[in-house]
Amino acid sequence: MDPVLSSVRLAVREAVHTLTSSEDGGCIFSTLGSLKRYLGETENPALPGEQEEFARVHFSAFLRCLVRKLSPDWLELLPDGQLEELWASFFLEGPADQAFLVLMEALEGTTGPSFRLMKMARLLARFLNEGRMAAVMEGQCRQQTELAFPLHQEALLIRVVGLPDRLGNCLQHENLAEFFPQNYFPLLGEEAVRVLQAVVDSLRGGLDCSVSFVSQVLGKACVYGRQKEILGMLVPRLTALTQGSCLWQRVCWRLVEGVPDRAMEAVLTGLVEAAPGPEVLSRLLGNLVMKSKKAQFVMTRKLLFLQYRYTTPVLQSLLGYLAMDSQRRPLLVQVLKELLETWGSSSAVRHAPLPQQCYVSKAVLICLAHLRDTELRDSRDELLASLMAGVKCRLDSSLPAVRRLGMIVAEVASARIHPEGPPLKFQYEEDELSCELLALATPQPAADSPSEAGPSVAPVAAETPDKQTVDSGVPQVRPQGSDSELDSDDEFVPYDMSGDQELKSGKVPMYIRDCVEALTTSEDWEYWEAALRALERLVFRSPAATREVSVELAKVLLHLEEKTSVVGFEGLRQRALVAVTVTDPARVAEYLTSQFYAINYSLRQRMDILDVLALAAQELSRPGRLGRASQCGSPGPTCQPGCTVAPTWRAVVDERIRTKTRRFSKGSPRRGPAGSPNEFNSVAGYFFFPLIQGFDRPLVTFDLLGDDQLVLGRLAHTLGVLMYLAVNTTVAVPMGKALLEFVWALRFHGDTYVRRGLLSAVSSVLLSVPAERLWEDLPDELLEARSWLADVAEKDPDEDCRMLAVKALLLLEKLKDKLLPLSSP
């Protein structure tokens, strides 16, 4: 037997015997002091062979013996905590990996709150604060591959990453702040940077090292969902260290390449979110996407097509990373092809939620901004085919946001893909999203040229040339004291004309029939405009005369076209139609609903009919309508030639009287408006049933179940509004039953706007029909609707549809809770 080995084993055996049998503090202190020479921390250290033997064979067993002896009486054998400090030094100065494993084993093996548990927990916290976790990882990095123990490394990995969870279970309410995840993982990231610094120093010194264990720690921490904590500390430090250092960059590349495939997605996702830009991401990852199939799948497929929760800067970092290296640029071209193919898919337009469509559109524009004309020219035909297919699908959509998305992407993409062709131009309202998309489409400046995407339009006409400039471009010299200077009127203050009104030379019609005649036959456009503006007031002022020509007037207004540039023409026409419908609701509603399914009407006219019916029903169902209508219809002070505006002095006098009068009490509060019957009650059937009965009968120019899904969605919303306004009416129950049948027939419609209308209609039924009548007359319809609503709330791709379904389910639950106490004895 080797005498060195036998001497170490004998010393450890004697020390263990002393610890277990002796109660003499001095003897125990001297025994522990003699063993510290095997750690190399004393003035008379042991031989290197003895130190290696002690660390490799005996250290863990000796630490377990120290843990077993831990008790309050044992630590008090010596005063001033001398024994406790010597006892802790073995854990803090010996091999870090073995000390860490023994500490974790002791903590997990202790049941219930105890002195030993808290002492070990505080020792582990001290272990972490003194940087011993870096020694744990550094020891695995310096270990040769042939000497490594996979089971030992796996045990270390599990406990290093799972420390907060494990200690949370052990310590419960007595847990220390150092072990909280929000504190521990940033510390772990800082220790990882220290380990990488030691690796870089070793490589500079010519020694081999491995960062495989650090890669595994990073991957497992990210899989546990702690990307933000650990990478929030790691990425800023690595960003600074890799600036101008090729060695640090290569260490970072090897660090990410060593991450296991099962953790690659979590690590890359965290890095892309934490990196401040594509330049930093390129320094940290290198050409990882060209070396790892898993990384390529995550970066070019999963983060772009299967997920859409990332912000625009993250998307710019990701695609900018692909564009920064010539080896990665072919991947960017392939990504653009796949993005446009997805963008042009009609199935994606119908089933993908709007945020995902915006996400893909942003990615398309960012790719176009990064690619050069030469790179786009090779795939022009394929890109244009996908683009045109997507434009057609989006322009056919019922949602304005989807249509606007198609317009913006079509304008930008067509100009970049085919700059020689005629440009596409659309009219759309600018909002925050459209401004962001147009900003993303700005070509990225190259290093050697300001732009490669084509010439930009410069504001050459921003300044008006001087009138004295001749065609040659040389300005004429003005003589001093010329007439142009003498006649200048710059010193005069301009007269305020903001309150002026245009004088009308024509007269205003005073009767309904005069308005009808003017709108149909008059060639005097000022008189025509005056008739249109006065029509609403005349309708409310003369309801009897209006009823005589109500259907004829509605027909004229429905077919009325704007012949001059009348400001607010659509609003004037719509308000007049609403006034006529409110004045004679049964006859006008019967006419409008019959024309809704007639031939030779445009989609705009059919939607105008729906809007007018909804507004008229809202006006009819409003309490106290007659008083307000007469007040609204009475001519204003400027309508009669002889009327004069009340002088301002009257208002001044009234205000003085109000402020100077002393009031002892204000009396009873003002009474609310007097109740009145719901005028919509008697005519609700004229509005509702003709609209709902013909939706499944296609016409030559009108097919609600075909291409005219925009009108179908508007019809569903209008029927829901009419149902809601019919609350407490006698016809509410048959209306609700018919509306639920309508919803049930269209419940699987592919258009999002239609589904939103159907879900709103269901909520209207639940709000308008009395609960008792619902459960008595419509039990089967409610059960079917409930199962459908639950399915929509869980699986529908549109967020608004899911929200509407949840609200309808809540209404159902409230109705059930309301009826249960009534049914119980």
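Biologist: What makes the lining of the second largest cavity nonpolar?
Modeller: In this predicted model, the lining residues are Met137, Leu188, Ala192, Val214, Val217, Leu218, Ile230, Leu234 and Leu255. Met, Leu, Ala, Val and Ile count as nonpolar. The division is therefore 9 nonpolar, no polar and no charged.

Biologist: Which elements give two or more residues to that lining?
Modeller: Helix 11 (181-204), helix 12 (212-223) and helix 13 do. Helix 12 gives the largest share, 3 residues. The space in this second largest cavity is about 50 Å³.

Biologist: How many cavities of 30 Å³ or more does the whole structure have?
Modeller: The search finds 3.

Biologist: Which residues line the largest cavity?
Modeller: The lining is made by Leu218, Leu231, Leu234, Val235, Leu238, Cys252, Leu255, Val256, Leu271 and Leu284.

Biologist: Which elements give two or more residues to the lining of the largest cavity?
Modeller: Helix 13 (227-241) and helix 14 (246-257). Helix 13 brings the largest share, 4 residues.

Biologist: Now the helix pair. Why are helix 38 and helix 40 called roughly parallel?
Modeller: Helix 38 spans residues 709-725 and helix 40 spans residues 752-768. Their axes cross at roughly 10 degrees. Angles under 35 degrees count as roughly parallel. The two helices are therefore roughly parallel to each other.

Biologist: What else describes the packing of two helices besides the angle between their axes?
Modeller: The distance between the axes. For helix 38 and helix 40, the axes come within 8 Å.

Biologist: Which residues make the contact?
Modeller: From helix 38, they include Leu710, Leu712, Arg714, Ala716, His717, Met723 and Tyr724. From helix 40, they include Tyr753, Val754, Arg756, Leu758, Ala761, Val765 and Leu767.

Biologist: How do the residues of that contact divide by class?
Modeller: They split into 11 nonpolar, 8 polar and 2 charged. Gly counts as polar, and the contact has Gly713, Gly720 and Gly757 among its residues.

Biologist: Next, Leu557. Why is Leu557 called buried?
Modeller: Its relative accessible area is 0%. Buried means under 20%. Leu557 is therefore buried.

Biologist: Where does Leu557 lie, and which residues does it contact?
Modeller: Leu557 lies in helix 31 (residues 550-558). Neighbours within four places in sequence aside, the contacts are Leu519, Leu535, Arg573, Ala576, Leu577 and Val580.

Biologist: Why is Pro353 called buried?
Modeller: The cut-off is under 20%. Pro353 has a relative accessible area of 10%, so Pro353 counts as buried. Pro353 sits in the loop between helix 21 (346-351) and helix 22 (354-370).

Biologist: How far apart are Pro353 and Pro797?
Modeller: In sequence, 444 residues. In space, 5.2 Å from C-alpha to C-alpha. Residues up to four places away are not counted, and Pro353 touches Tyr308 and Pro797.

Biologist: What makes Asp73 exposed?
Modeller: Exposed means over 50%. Asp73 has 60% relative accessibility, so Asp73 is exposed. Asp73 is in helix 4 (residues 72-75). Its C-alpha atom is 9.8 Å from that of Glu23, 50 residues away along the chain.

Biologist: Is Gln172 buried or exposed?
Modeller: The relative accessible area is 51%. Over 50% means exposed. Gln172 is therefore exposed.

Biologist: And where does Asn728 lie?
Modeller: In the loop between helix 38 and helix 39 (732-746). Asn728 also has a positive phi, about 65 degrees, without being a glycine. With a relative accessible area of 68%, Asn728 is exposed.

Biologist: How many helices and strands does the chain have?
Modeller: 43 helices and 0 strands. Of the 825 residues, 45% count as buried. Among contacts between residues at least 6 apart in sequence, 74% join residues at least 24 apart.

Key
Residues are numbered from 1 along each chain as its sequence is written. This is a predicted model: local features need pLDDT of at least 70, side-chain atom pairs count only at pLDDT 80 or more; totals for chains, interfaces and linings use all residues. Side-chain values use heavy atoms; hydrogens and water are left out. Axes are lines fitted to C-alpha atoms, for helices over the stretch in contact, and angles run from 0 to 180 degrees between N-to-C directions. Angles under 35 degrees count as roughly parallel, over 145 as roughly antiparallel, 65 to 115 as roughly perpendicular and the rest as oblique. Contact means heavy atoms within 4.5 Å. On a 1 Å grid over the protein atoms alone, a cavity is a set of points where a 1.4 Å probe fits but cannot get out, and a pocket is an open set with protein on both sides within 12 Å along at least five of seven lines; lining residues have an atom within 4 Å of a point. Grid points are joined across faces, edges and corners, and a volume is the space filled by probe spheres set on the points. Buried means under 20% relative accessible area, exposed over 50%, partly exposed in between (1.4 Å probe, protein chains only).
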